[in-house]
Amino acid sequence: KKLAPEYAGAAAVLGAQDPPLYVAKVDATANRDLGSRFGVQGFPTLKFFRNGKASDYGGGRTKDTIVSWVNKKSGPAARTLTSIDEAKAIIESQDV
């Protein structure tokens with residue numbers, strides 16, 4: 001119950017991005033076959049899917065940590081920085 005509003009908030013933020021990222025909610029109690037297929041054993045369980053492959057969610061349980069984790073997993077593997085100032089700005093704005 002604590003996760004529901006955080007998850008809904010993250011869904012709103014991710015869906016408003018350009019390009020939008022989508023989240024889905026499945027009741028694994030009502031959809032036991034699906035839960036079993038993806039190894040869901042406890043609730044709530046968050047899974048991340050990329051190119052049809054599931055992986056366990058490894059982030060926090062707040063809106064901001066969910067958004068940050070999904071964006072990191074969904075974004076490009078690398079980004080070209082064109083200046084030292086740009087690199088400094090990235091370092092200051094991220095947990096690196």
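Reader: Which residues of H3 are buried?

Author: A word on conventions comes before the answer. The model is predicted, so local features are reported at pLDDT of at least 70 and side-chain atom pairs at pLDDT 80 or more, while totals for chains, interfaces and linings use all residues. Residues are numbered from 1 along each chain as its sequence is written, and side-chain values use heavy atoms, with hydrogens and water left out.

The buried residues of H3 are Ile66, Val67, Trp69 and Val70. Here buried means under 20% relative accessible area, exposed means over 50%, and partly exposed is in between, with a 1.4 Å probe and protein chains only. The four residues cover an arc of only 165° around the axis, which puts them on the same side of H3. That arc is taken over the directions from the helix axis to the C-beta atoms. On the other side of H3, Asp64 and Lys72 are exposed.

H3 covers residues 63-74. Helices are DSSP runs of H or I with at least four residues, strands are runs of E with at least two, and both are numbered from the N terminus. The end C-alpha atoms of H3 are 16 Å apart, in agreement with the 16 Å that its 12 residues should span at 1.5 Å a residue. The expected span is 1.5 Å times one less than the number of residues.

The cover over the buried residues of H3 includes H1, S1 and strand S2 (53-56). Contact is defined as heavy atoms within 4.5 Å.

H1 deserves a description of its own. With 14 residues, H1 reaches 20 Å from its first C-alpha to its last, close to the 20 Å expected at 1.5 Å a residue. Its buried residues are Leu3, Tyr7, Gly9, Ala10 and Leu14. Seen down the axis of H1, these buried residues fall within an arc of 160°, so they line one face of the helix. Pro5 and Ala16 are exposed on the other side of H1. H3 is in turn included in what covers the buried residues of H1.

Leu14 belongs to helix H1 and is buried, with a relative accessible area of 0%. Apart from its neighbours within four places in sequence, Leu14 is in contact with Pro20, Leu21, Val23, Val67, Val70 and Asn71. Val67 and Val70 are among the buried residues of H3. By contrast, the C-alpha atoms of Leu14 and Ser55, 41 residues apart in sequence, are 19 Å apart in space.

The loop between H1 and H2 holds Pro19, and the peptide bond from Asp18 to Pro19 is cis, with omega near 5°. The loop between H1 and H2 also holds Tyr22, which is exposed, with a relative accessible area of 70%. Between Tyr22 and Ala12, 10 residues apart in sequence, the C-alpha to C-alpha distance is 8.9 Å.

In the loop between S1 and S2, Asn51 has a positive phi of about 55° although it is not a glycine. Asn51 counts as exposed, at 75% relative accessibility. As background, most residues other than glycine have a negative phi, and most peptide bonds are trans.

Of the 32 residues that line it, the closest to its centre are Tyr7, Ala24, Lys25, Thr45 and Leu46. A pocket is an open set of points on a 1 Å grid over the protein atoms alone, where a 1.4 Å probe fits, with protein on both sides within 12 Å along at least five of seven lines; lining residues have an atom within 4 Å of a point. H1 (3-16), H2 (32-37), S1 (47-50) and H3 each supply at least two residues of the lining. The lining divides into 23 nonpolar, 4 polar and 5 charged residues. Ala, Val, Leu, Ile, Met, Phe, Trp, Tyr, Cys and Pro count as nonpolar, Asp, Glu, Lys and Arg as charged, and the others, Gly among them, as polar. Thr45 lies in the loop between H2 and S1 and is partly exposed, with a relative accessible area of 34%.
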